[in-house]
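Dear colleague,

Please find below the structure that I am handing over to you. My notes on what was found in it follow directly after.

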Amino acid sequence: MREESTAKNLQEYQVEQQPQEQVHPAPKTSSVALSKFEIFSIVTLALLTLGLMVTLVSIKVSMTSSQNKLDSLTTQITKTNTSNVNLRQEISELTSFDRFSSFAKKHNLKMSDNNVRNISK
């Protein structure tokens, strides 16, 4: 009668299945030979890259040199402008009325209003 029992046999369900590690075979790698066009393309791109790098460096050197020349010229222009301002100031001082008056007194000169002529530009 036991065999006809409706109870399930638990021993059959308790068997645990352990996960099996799957061993993957290493993928086969094989190198493919490069064609002549691919080799030519790689060499051309490498030379082009090298040429562009050299050009970039030479342009940067040229720009630095030009910037130095510009700075030198700017400094020279500033000095010239300062010199011009100083000379104009000196001209104004030398042509001032007070200076002429003191020179006239020193040399016993007199100003006659009849001989004065005003000229305007």
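In which helix does Ile 42 lie? Ile 42 belongs to helix α2, which covers residues 36-94. Please keep in mind throughout that this is a predicted model.

**Overall layout**

The protein contains 3 helices and 0 strands. Read from the N terminus on, its elements follow the order α-α-α. Of its 121 residues, 1% count as buried. The protein exposes about 13,200 Å², and carbon and sulfur atoms supply 58% of that area.

**Confidence**

The average pLDDT of the protein is 85, and 83% of the residues score at least 70. Confidence is lowest in helix α1 (residues 10-13), where the mean is 56, and highest in α2, where it is 97. Where pLDDT is low, the predicted coordinates should not be read in detail.

**Helix α2 and its surface**

Is Ile 42 buried or exposed? Ile 42 has a relative accessibility of 51%, and it counts as exposed because the cut-off for that class is over 50%. Ile 42 is also one of the residues of a nonpolar patch on the surface. The patch is formed by Leu 34, Ile 39, Ile 42, Val 43, Leu 47, Leu 50, Met 53 and Val 54, which together have about 770 Å² of accessible area.

The UniProt record, an unreviewed entry, places the feature "transmembrane region" at residues 39-59. In the model, the span of residues 39-59 is 100% helix and 0% strand. The C-alpha atoms at the ends of this span lie 30 Å apart.

Thr 44 is likewise found in helix α2. Which backbone oxygen lies 2.7 Å from a polar atom of the side chain of Thr 44? That oxygen belongs to Phe 40. Thr 44 counts as partly exposed, with a relative accessibility of 36%.

**Helix α3 and the segment after it**

Ser 102 lies in helix α3. A polar atom of the Ser 102 side chain is 2.9 Å from the backbone oxygen of Arg 99. At 44% relative accessibility, Ser 102 counts as partly exposed.

Asn 108 is located in the segment after α3 (97-106). Why does Asn 108 count as exposed? The reason is its relative accessibility of 69%, since exposed means over 50%. The backbone of Asn 108 also deserves a remark. Most residues other than glycine have a negative phi. Asn 108 is not a glycine, yet its phi is positive, at about 55°.

With kind regards

Methods:
Residues are numbered from 1 along each chain as its sequence is written. This is a predicted model: local features need pLDDT of at least 70, side-chain atom pairs count only at pLDDT 80 or more; totals for chains, interfaces and linings use all residues. Side-chain values use heavy atoms; hydrogens and water are left out. Helices (H or I, at least four residues) and strands (E, at least two) are DSSP runs, numbered from the N terminus. Buried means under 20% relative accessible area, exposed over 50%, partly exposed in between (1.4 Å probe, protein chains only). Accessible areas come from the Shrake-Rupley method with a 1.4 Å probe; for residues, only the protein chains shown count as cover. Patches are made of residues with over 30% relative accessible area and no salt bridge: like charges are joined within 9 Å, nonpolar side chains (Val, Leu, Ile, Met, Phe, Trp, Tyr) within 5 Å. A salt bridge is a side-chain nitrogen of Lys or Arg within 4 Å of a carboxyl oxygen of Asp or Glu. UniProt positions are given in the numbering used here, feature names are shortened, and annotations may be inferred rather than shown by experiment. pLDDT is the predictor's confidence in each residue, from 0 to 100. A polar contact is a pair of N or O atoms within 3.5 Å; within protein, one must be able to donate a hydrogen and the other to accept it, and residues adjacent in sequence count only if both atoms are side-chain atoms.
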